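Q: I would like to learn how to read a model of several chains, one feature at a time. Could we go through this one together?

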Number of protein chains: 6
Amino acid sequence: MFHHSSKLQYPVKVDKPNPEFAMLLQQAIGGVEGEIRVAMQYFFQAMGARGDDRIRDMLISTATEELSHIEMLGHAVALNLEGAPVSYQEASAKDPVVRAILGGTNPRHLLSSGLAALPENANGVPFDMSHIYATGNVGADMLANVTAEAGGRVLASRLYNWTDDHGMKDFLAFLIARDTAHQQQWLAVIEEMGGLEAQLPIPNATPEAHEATEHSYYYLNTLLDKEAPKGRWSEGPSFDGRGEFSVRNQPAPEGQEPKLGPAKPHSGAQEEQINPPQ
Amino acid sequence: MFHHSSKLQYPVKVDKPNPEFAMLLQQAIGGVEGEIRVAMQYFFQAMGARGDDRIRDMLISTATEELSHIEMLGHAVALNLEGAPVSYQEASAKDPVVRAILGGTNPRHLLSSGLAALPENANGVPFDMSHIYATGNVGADMLANVTAEAGGRVLASRLYNWTDDHGMKDFLAFLIARDTAHQQQWLAVIEEMGGLEAQLPIPNATPEAHEATEHSYYYLNTLLDKEAPKGRWSEGPSFDGRGEFSVRNQPAPEGQEPKLGPAKPHSGAQEEQINPPQ
Amino acid sequence: MFHHSSKLQYPVKVDKPNPEFAMLLQQAIGGVEGEIRVAMQYFFQAMGARGDDRIRDMLISTATEELSHIEMLGHAVALNLEGAPVSYQEASAKDPVVRAILGGTNPRHLLSSGLAALPENANGVPFDMSHIYATGNVGADMLANVTAEAGGRVLASRLYNWTDDHGMKDFLAFLIARDTAHQQQWLAVIEEMGGLEAQLPIPNATPEAHEATEHSYYYLNTLLDKEAPKGRWSEGPSFDGRGEFSVRNQPAPEGQEPKLGPAKPHSGAQEEQINPPQ
Amino acid sequence: MFHHSSKLQYPVKVDKPNPEFAMLLQQAIGGVEGEIRVAMQYFFQAMGARGDDRIRDMLISTATEELSHIEMLGHAVALNLEGAPVSYQEASAKDPVVRAILGGTNPRHLLSSGLAALPENANGVPFDMSHIYATGNVGADMLANVTAEAGGRVLASRLYNWTDDHGMKDFLAFLIARDTAHQQQWLAVIEEMGGLEAQLPIPNATPEAHEATEHSYYYLNTLLDKEAPKGRWSEGPSFDGRGEFSVRNQPAPEGQEPKLGPAKPHSGAQEEQINPPQ
Amino acid sequence: MFHHSSKLQYPVKVDKPNPEFAMLLQQAIGGVEGEIRVAMQYFFQAMGARGDDRIRDMLISTATEELSHIEMLGHAVALNLEGAPVSYQEASAKDPVVRAILGGTNPRHLLSSGLAALPENANGVPFDMSHIYATGNVGADMLANVTAEAGGRVLASRLYNWTDDHGMKDFLAFLIARDTAHQQQWLAVIEEMGGLEAQLPIPNATPEAHEATEHSYYYLNTLLDKEAPKGRWSEGPSFDGRGEFSVRNQPAPEGQEPKLGPAKPHSGAQEEQINPPQ
Amino acid sequence: MFHHSSKLQYPVKVDKPNPEFAMLLQQAIGGVEGEIRVAMQYFFQAMGARGDDRIRDMLISTATEELSHIEMLGHAVALNLEGAPVSYQEASAKDPVVRAILGGTNPRHLLSSGLAALPENANGVPFDMSHIYATGNVGADMLANVTAEAGGRVLASRLYNWTDDHGMKDFLAFLIARDTAHQQQWLAVIEEMGGLEAQLPIPNATPEAHEATEHSYYYLNTLLDKEAPKGRWSEGPSFDGRGEFSVRNQPAPEGQEPKLGPAKPHSGAQEEQINPPQ
C-alpha cells in the first residue's frame, strides 16, 4: 500500500522560468529514458517477483522513490512555465526580435495542460506502457534496470549540460546521483546472486539440450568486404565458462530457399496465386 | 549497403502446421523481445556510432544477421498457417468437438495477411519503433543490447518449452544459441573497453562536479514497515570505486511543499483558479 | 514524496486460479477504465493544480490510493495465473476435451511476463498516457474524474458479474465501493465550488464577448427525416442561467463553399494542381 | 445514412495566414480535446445505444454536427497555410531577422500534407481511436460527453485568446458557443433521466449486495503529514442518498503481504527463482 | 456540412447472432482495411484538395458514403452480440462442451462496450489516424484510394467466405459491390486526368533536373546468388515514355564508408567516444 | 539471408550541417512515406508471397535496396547534426539574433540520440509497423507498393525543394530517381500479370455471385445541393469490362432504422436501459 508526504523528496528551484527548458524536461518525465518508465517498470517487476523476497522489497521500494522523482520533475516543468505568454500579442511584446513566437516550446503546454507538465516526452509523444520491461526472469529484469538507469543518467547529464539555471542544475545533480545509486544497486543484486557469470546465459535454467551449442560462441561477420574485427569477442573463453569464442566470416546460408504453396481458394488472393501459371 | 542470398540462414521445418503456434511465434517477430527490435536497434546504433570503429562494424554486421532471423521466423509463421481454415464450415468440419473455432489463433492471420506473418506481437499489436534504444552512449547501448538478447532468449526458451513440433524445436534451439552468442558478444565489447567498472557510472564522462555524490551510494528504503534488506547493495565498496554502499530507512522529505501561483487570466482556467478565494 | 507499506490495502484472495479471468482483470489495470489511468490522472492534475490547495491535496492523496489499487490488481492477476500450463502437452493433459488450448487467455502472460500482470488491457494493448486528462481547468478536470470513476465502476461491475470466484467477488466489491466513494468525492468538490451551475459553462472565465451566444442554447437536429426529440434540452432555461433552450431542425449551411487556391509551384503537387485547366 | 451539403456550417475566414496558428488549430482537429474525438464518440455511442430512443437520435444528430466542425477546422488550417514557404530560400527572404525558419510551425504541413490539415494534434501525434469513450452505460457516456465538451471549450478559449486574427476569432466564438450548447445538452439528458442523483452511483443497476458499502463513503487521506481537508466531501449526506460522508486519515493496510510461489520449471525464469535458496 | 437520415444505407440483418463474427467484423470498422480509414482519408483529401473542383466534390461525397458504411457495420456488430453471455455461469450453461468460454471472442465487447462495436480492429487495437493518407498530391492520393479499396474488398471477401449467415452474406455482398465501384471510380479520375502515363512519375511536376535519371530505369538485383528475373520490368520502354528498362545484377556500392567524428564533449557520450584511443 | 558491404550504396555529402534539415530528413526515415516502411513492406510481402516466384524475388531484392536507403539517410541526418550545440550557452553564442535556440530542430536529436538519426518522423513520432501493408493478395500489394513509392517521391521532391545544400540535393536526386524506378517496377509487375484490367476488381478471384453487382458501377452522389460531377466515372464502360458507369444523385436510404433490444441485466448498463420506460 502506498502513502504520501506533502513535501518533495528534494528541493526544486527555478531561478528564471524558461518554457524551452520545460519542453526539454518532459523527456525525463514521459520519455523512454524517464521516470514514469522506471517507476512502473520496478512496480510491475515487483508484482510478478518470484524467488528471493529481498529483491521484491527493493523493487517496490525503488518504484516508490521513482514516483517521487516524477513529482519533482512535474513541479520543475510547471515552475519553468510560470508566466509564459498565453497570447500572440503578449509573446511578441516580450521578445520582439530574438526569437520565434512558439519556436522551441511545446504548444500543448499552452493548449492542453494550462502551463503544467504532461505525461509525454520532449516531442509531445505520450508515454506508452509497452516500455515496461518485466519478464518474470530476474536476470533479464536486473539487466533491464541497469540499462534504464544508464539511459536515465545519460539524459539527466544532457539536461544538466544544456541549462544554465542554477536551481535546475542543483536538482539535476541530485537526479544524476540517484541514477548512479540505482545503477549500482541493480548490479549489486546480480552480484548477490553469484555474479553475472552465474546468471549467464539468461535464462540460466534453459537446459543445454535446448540449445544448438555449436552456434553459441562464434561472432558472425556478415560483411562481405571486411574481416571480423579482433577483440575479446573473437577468441578466448566465453563468460559463462561453457565455450570458446571464435569468428565466422562471410557465412553461407545453411537453410533452404523459402517456398510456400499456392494460395488457398477463398482466401482472398488473386486468381493467379491460387492457380499459378505453370 | 545490404545484399541478400535467396536461401535462409538456417533450415526451417514444420512437422505439423499449427495456427496457435503461428500466433505465439509472432512475439519473436514483432514483440519487444523480438527480432525486428534487435535488427533495428543495432542498425540505428551503428548509424550513430562514434568512437572505436570496430564496434560500428559489429553493430551493422549483427543487425544484418538479425534481419535473417526475421526472415526465418516469417517463414515459420507461414508454414504453421499452411492449410488453416478460411471458413467457419471448414473449421467446424475439421474439429467439431475439441476446440473453439477461432480460439487461440490470431484472426488477422486469416483476415489481414492471407495466412502469413505480420509485423506484430502475439496479441496483434504492431511493433513500434520507440523500442529502438540508441542513445549515442556506447556504454548504455551495450547494456541495452545485452538486455535485449536476454529478453530474446527468455522468449525463445518459452516458445521451445511450449511446442512439441520437432522442426520448430530444432529451429528454436538455433535461435537460443545465437541469443547466447549475442549476449556474450556485447559483454565482450564492454570487457574490451576496460570492463563494466571502467564504464560506470554511465555516462562515465559526466564530471563528478555535476553530481551530488552524497546521494550516490545509499539504498533508499521507502517502506514504512520494514528495514532495508541486507546484501551486496547495503555495505561495502561501490562498483565504480568511488564510494561506499549504505542504507537510508524511512527517509523524510528534504524538499518544499510544491505550490504554484494562481492561474493566469486568459489561460483557460476556471474563475476560481484565477482569483482564488482568500 | 511517496512511501510504501509492504501489505496490501485490502485482502486479495483467489479460490481457484483462472487464466481467463487473469486476462479479463487486465482491463482494470491497463484499460482506459483502469487504475493506472486514474492514478496518473490525479497525479498529473495535482502537479498542475492552481487555486484552492485542498483540491491539490485530495488529488495527490487519491492518486496514492489508486496506486494501491494497481498493486492489488497486479497480485490478483498473478494469483489467477498460478500453475497455468507452460507447454502444449501440459495444457492438453489438463483439459483434453472442453476447451481450446490457448483460447480465451492472453498468450503474453505465458510468453512475456512469466505468469504475471502486464501494464496492458484485456486485448494486450499497452496503456498509453494520452488518456491522462489534466487540462489545468479544475472544472473540466473534476468532470473528467467523475467520468473516469463511472467507467471504472461499470468495469468492476462487469468483472463482478462475470466471475464465480468468491475471493475475487469480495475484492471486486471493495473496488466497486471505492469507485462509488470517488464518484461522490469529485462531485463534492464541484458542490464545494458552488455547484455545477456556478462552474458552467466550462471554462467559466471565458468572457461572454468571446462567445457567439446566439448559437449557445439550441439543439441542432441534423436528421433530415425526423423532428428533434422533445425533452429538457428542447425548452426551458439553460443550466447556467444565461439562456433559454430551443431547437433548430434541418439546418441549412451558413458558411461558404470551401475553396483553396491552386497548389504552389515546388510544393510536391501534380502539374494539374499547379496549373489547373481552365 | 449520412448526406452532405457543399457549403460549410458557418463562415470560415482568415485575415492573415499564419502557419503557427495552423499548427495550433490542429489540436482542435486531432487532439483529445478535438472534433474527431467528439464526432466519433457520439457516433459509436449511438451505434450501441440501448434504452430511450431519443438519446440515440441526439447522439447521431450531434455526431453529424461535429463532422461539420472538423470540416470547418480543416479549412481554417489550410487557409492559414496559404502561401507558406516551401523552400529555405523563400523562408529566409520573407523573414530574415525575426524568426527561425521552421520554429513554431509543423514541418509536416510542408512535407506530408502539402499545406493542408492533418488528422493529428498540435505536436503532430495522430489521433488514436482509443479515446472514443462508449461504454454501453448511458450515465457514464453522458458524463464522458459533458467532459469532452468542457475540454473542447477550454481549448477553443485558449485558441481564441492566442490569436489576433479577426476571422479566426469570429469562427472560434462560434465553436465556443456550440461547446456551451453541447455541455448543456448532455446535462439535460441526465436531467431528463431523473437528475444526477437518480443516476448515481454509476452503474445504478449494480445491486448493493455487490458492493462493500462500508467502504463507499469515506475520503481516504493517504497523506502522512496532513489531516484530510474539510469540505462537502468530509461530512453530510452522500449525493445518492445512501450514506454519510466521513474521513479516514493515515489508513493502515488491511490486506496481506503479497507473495507468489516459486517460478514453475520451464517457465523461462532463472534457476534461482525456480529453486530459491532456503 | 453533414446531414443524416435515421435509416441505414442498406438493410443489415443477422440470422443467428455470433460473437465470434462480431470480433471479425471489427476489422472492417477499425482495421487499416476498414471504413473509418476510407471515410477519413477521403475527408482529409477533400479538405486539402487543390486543382479540379470535381475531384474535391467526389472526395467529400464518397467520404460521406463511407460514414454510412461504418454505421451499418456498427449495427452488424451489435446484432451479432445480442444475447451474448455476461457471466461465466451463463457461458458454461450455453455451451458446456464444444468451446472455450471466451475463446475466439473479443473480451472487450463484454467489458468495455457493453455488447456493441468498438473503433478497433479484430485484435482490439484502436484505429490510429496516421493511416489517413492525404499528401496534397492528387496522383498519389488517387493511387492510395484505389489501394485502400482493394484492401477493403479483399477483407470483405474474406469475411464473406468465412460466415455462413445469410443476412451477413447479403450485407457483405453489398459492401463488396461498393468496393468494386470505388476502385473503378478513383481509377476513372486518373483516366480523366490523362491516364496513368500522364501522371507518372508522381509527382509529375518534379523537373527532370531534380532527378539523377541515369538511376531511374534499372531494376537493382541485390540477390548474390540469382540473376534478375526477366519480365516487363527488365527491358522495353518505361511507362512514362522517358526511358528504357534495364537490369543491374549484384551491384557494388558507389558511396563512401560512413564515418562520424568523435563525440562532442558534454554530449552525454562515454569518455572513450570523446577521446577515442588512437 | 542478408549480407552487408561497409560502403554506402551512393555517396552522401553535406556541405554545411543544418540541424533543421536533420529534422526534416527524419520524415524520409521514419515517416509513413519513408524508407523503413518500404523496406519492411516489401520484406513482409516477400515472406507471404504465393504464386509467381519472380515476384517474391523482386520483393526481397528491393526490400534489401531500401535497407540501404535507410542507411544513407541515417548518415545524412548525423552529418547534418555534426557540431550542433549541446548547451544553451553554446547555442546563444553561435546565433545571438537570428533564431530561437531550439526552434525548428528536434530536441531529441540532442537528448535521446546524441546527435544521430532516430527511427521516427519529422515530428518525433516513432514509426509503427501497422503501416506495413501486406495482404497476401498480390494485386492489392502491388498497388500499395506503387502508392508507397509515389508518396516517397513526393516527399523526396519536397525535401529537394527545401534545401539549398548541394550535397543533399545530389543525394536526394538519387533517391528521386530510385523512387521513379520502383514506381515503374511495380506497375510492370501488374503489366506482366495481364494489366490492371485483368487484375480488377481486386481480388479477382471473388466469384460474381458474392457481389451485389447492381451496386458495383454507380457513383453515389451524397451531396444534397449539387449534381454529380461528370467525367469518365459517370458514363461509359467500366474498366473491368463487366459493367457500365452511371450516377445516383441524392440517394435515399434502402435499409431499416437501426434498433437494439434493451440492455441485458448484469451487463453494466443503467437501470433505465435494462427496463426502459414504456
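## Reading the model step by step

A: Let us start with a single element in this predicted model: helix 1 of chain F is mostly covered, since 12 of its 12 residues are buried.

Q: Which residues of helix 1 of chain F are buried?

A: A residue is called buried if 20 or more other C-beta atoms lie within 10 Å of its own. In helix 1 of chain F the buried residues include Pro19(F), Glu20(F), Phe21(F) and Ala22(F), and also Ile29(F) and Gly30(F).

Q: What covers the buried residues of helix 1 of chain F?

A: The cover includes parts of two chains: helix 5 (107-111) of chain D takes part, and from chain F itself there are helix 2 (35-47), helix 3 (53-81), helix 5 (107-111), helix 6 (138-162) and helix 7 (166-192).

Q: How many residues does helix 1 of chain F have, and what distance does it reach from its first C-alpha to its last?

A: The span of a helix can be set against the one expected at 1.5 Å a residue. Helix 1 of chain F, residues 19-30, has 12 residues and reaches 17 Å, which is close to the expected 16 Å.

Q: Which values tell me about the confidence of the predictor in chain A and in the complex?

A: For the complex, the predictor gives an ipTM of 0.96 and a pTM of 0.97. For chain A, the mean pLDDT is 95, and 97% of its residues reach 70 or more. Over residues 96-100 of chain A, however, the pLDDT is below 50, although this stretch has 12 contacts in the model beyond near neighbours in sequence. Where pLDDT is low, the predicted coordinates should not be read in detail.

Q: Which domains does the assignment give for chain A?

A: The domain assignment of chain A gives domain 1, residues 19-197, and domain 2, residues 209-252. The centres of these two domains of chain A, taken over C-alpha atoms, are separated by 37 Å.

Q: How many residues do chain E and chain F give to their contact?

A: This contact takes 94 residues from chain E and 94 residues from chain F. Helix 7 of chain E gives the most to the side of chain E that touches chain F, with 15 residues, and the residues of that side divide into 44 nonpolar, 35 polar and 15 charged. Chain E is superposed on chain F by a rotation of 180° with 0.0 Å of shift along its axis, at an RMSD of 0.0 Å. Of the interface residues of chain E, 100% are also interface residues in chain F, so the copies meet through the same surface.

Q: Where in chain D are cis peptide bonds found?

A: Most residues other than glycine have a negative phi, and most peptide bonds are trans. In chain D, the peptide bond from Leu200(D) to Pro201(D) is cis, with omega near -20°, and a cis bond also joins Ile202(D) and Pro203(D), with omega about 0°. Pro201(D) has its place in the loop between helix 8 (196-199) and strand 2 (218-221) of chain D, and Pro203(D) lies in the loop between helix 8 and strand 2 of chain D.

Q: Is the phi of Gln250(A) positive or negative?

A: Phi of Gln250(A) is positive, near 40°, in a residue other than glycine. Gln250(A) is found in the loop between strand 3 (246-249) and helix 9 (271-274) of chain A, and with 14 other C-beta atoms within 10 Å Gln250(A) is partly exposed.

Key:
Residues are numbered from 1 along each chain as its sequence is written. Chains are lettered from A and ligands numbered from 1 in the order in which they are written. This is a predicted model: local features need pLDDT of at least 70, side-chain atom pairs count only at pLDDT 80 or more; totals for chains, interfaces and linings use all residues. Two residues are in contact if their C-beta atoms, placed from the backbone, lie within 7 Å. Helices (H or I, at least four residues) and strands (E, at least two) are DSSP runs, numbered from the N terminus. Ala, Val, Leu, Ile, Met, Phe, Trp, Tyr, Cys and Pro count as nonpolar, Asp, Glu, Lys and Arg as charged, and the others, Gly among them, as polar. Domain bounds come from an automatic or database domain assignment. Copies are superposed by least squares on the C-alpha atoms of residues with pLDDT of at least 70 in both. The expected span of a helix is 1.5 Å times one less than its number of residues. pLDDT is the predictor's confidence in each residue, from 0 to 100.
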